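Try each task before reading its solution.

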Amino acid sequence: MTGDGPETLILNAGSAETVFYRASADITPSRWIPDNTPPEVIAAQTASETIQIEFSKPMLGADKIESYHIEDADGNLVVIKAVTYNDDDFFTTLAIDIPPRSGRLTISFTDITDASMEKNAPGQPLMIDFIVEEPTPTPTPPPVTPAPPPIEIKEATSPLVWLLGSFVIAFIVVGVSMAVIKSRGGIVKVDGKLRFAGSPKEEVFISEEKVEAEQYKFITTKPPEINLRIIDGTGQTRDISVPVQGSLFTGRAAGNDLVFDDKRMSRQHFAIESMDGDFSIINLSETSGTMLNGVKIGSPRPLTKGDKIEAGSITFTVI
């Protein structure tokens with residue numbers, strides 16, 4: 001067939017002299033056209049801890065952390081803790097471990113191509129501005145200046161009143177002093193100094209001990225541990241206790257903290273987060289999803305003792 005329009009295909013069964021069966025069909029031939037156009041980034045946006053990238057074509061390798069390399073404006077490496085890719089709209093979401101300061105980020109693509117037979121790689125690295133939203137400070141109200149107290153106008157006191165008041169005050173002071181001296185047993189002279197007869201002898205001890213070296217005490221904090229009962233697809237059960245230092249990634253990719261050889265699980269299926277001794281779970285699978293107590297989760301959910309997590313063929317129970 002050489003034309004571009006429909007052509008008739010005839011099938012004969014039998015010999016040259018006798019035909020036992022004859023069939024025909026109209027077929028429109030199609031030709032393969034090579035695709036040498038590299039994929040492009042048609043949209044990119046950032047949030048406080050994530051970067052979203054939209055490609056122009058379906059991509060291969062877009063769900064791997066090692067397919068991306070991010071540097072800040074000073075050339076420092078930005079660590080990626082999770083990657084999700086949606087085949088429906090060609091969206092990739094990169095979750096950043098520690099958000100960098102505001103500035104321009106450079107994102108390079110490695111081991112990532114489009115889904116064509118030619119496997120075209122993206123072109124130039126992506127340059128994107130990352131802005132960290134600073135909290136708006138609460139304005140401090142100006143201090144309130146108290147009103148000055150009213151000025152009191154006093155009448156002049158006569159000299160006779162001042163003189164009588166001074167005598168009364170002097171009499172009170174002398175009386176109080178005599179009462180104190182009498183209660184202390186009078187005044188005696190000891191070693192050329194006056195002291196109360198009833199006052200106890202004071203002894204002062206001076207220590208000559210000195211600290212020769214400083215001592216240091218180091219305090220280390222052990223990360224919290226989560227206890228899980230794991231049941232695989234064959235019914236085998238195993239109890240484990242795993243420390244959670246920030247995030248515990250689970251899936252079938254070798255880079256996870258918990259790795260399972262389960263074809264039904266995603267490369268990065270879910271993550272368990274630790275915050276102030278409490279645990280929560282976040283779904284990372286865009287295909288089969290993660291079930292918590294029989295309900296498919298979409299946003300982070302807290303974990304408590306007795307909760308049941310289902311991912312692929314594996315069941316996890318918090319114990």
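**Exercise 1: Ser247**

Ser247 is found in strand S16 (residues 247-251), where strands are DSSP runs of E of at least two residues, numbered from the N terminus. This is a predicted model, in which local features need pLDDT of at least 70 and side-chain atom pairs count only at pLDDT 80 or more, while totals for chains, interfaces and linings use all residues. Residues are numbered from 1 along each chain as its sequence is written, and side-chain values use heavy atoms, with hydrogens and water left out.

Task: decide whether Ser247 is buried or exposed, and find which side chain a polar contact joins to that of Ser247.

Solution: 
1. The relative accessible area of Ser247 is 18%. Ser247 is therefore buried (under 20% relative accessible area; exposed is over 50%, partly exposed in between, with a 1.4 Å probe and protein chains only).
2. Its side chain makes a polar contact of 2.7 Å with that of Glu273 (a pair of N or O atoms within 3.5 Å, one able to donate a hydrogen and the other to accept it; residues adjacent in sequence count only if both atoms are side-chain atoms).
3. Setting aside neighbours within four places in sequence, Ser247 is in contact with Lys81, Asp257, Ile272 and Glu273 (heavy atoms within 4.5 Å).

**Exercise 2: a hairpin**

Task: work out how many residues lie between S7 and S8 in their hairpin.

Solution: 
1. Strand S7 (residues 80-86) runs antiparallel to S8, joined by 6 bridges.
2. Asn86 stands opposite Phe91 in S8.
3. The hairpin has 4 residues between its strands, and Phe90 in the turn has a positive phi of about 60°.

Notes. Two strands pair if DSSP finds at least two bridges between them.
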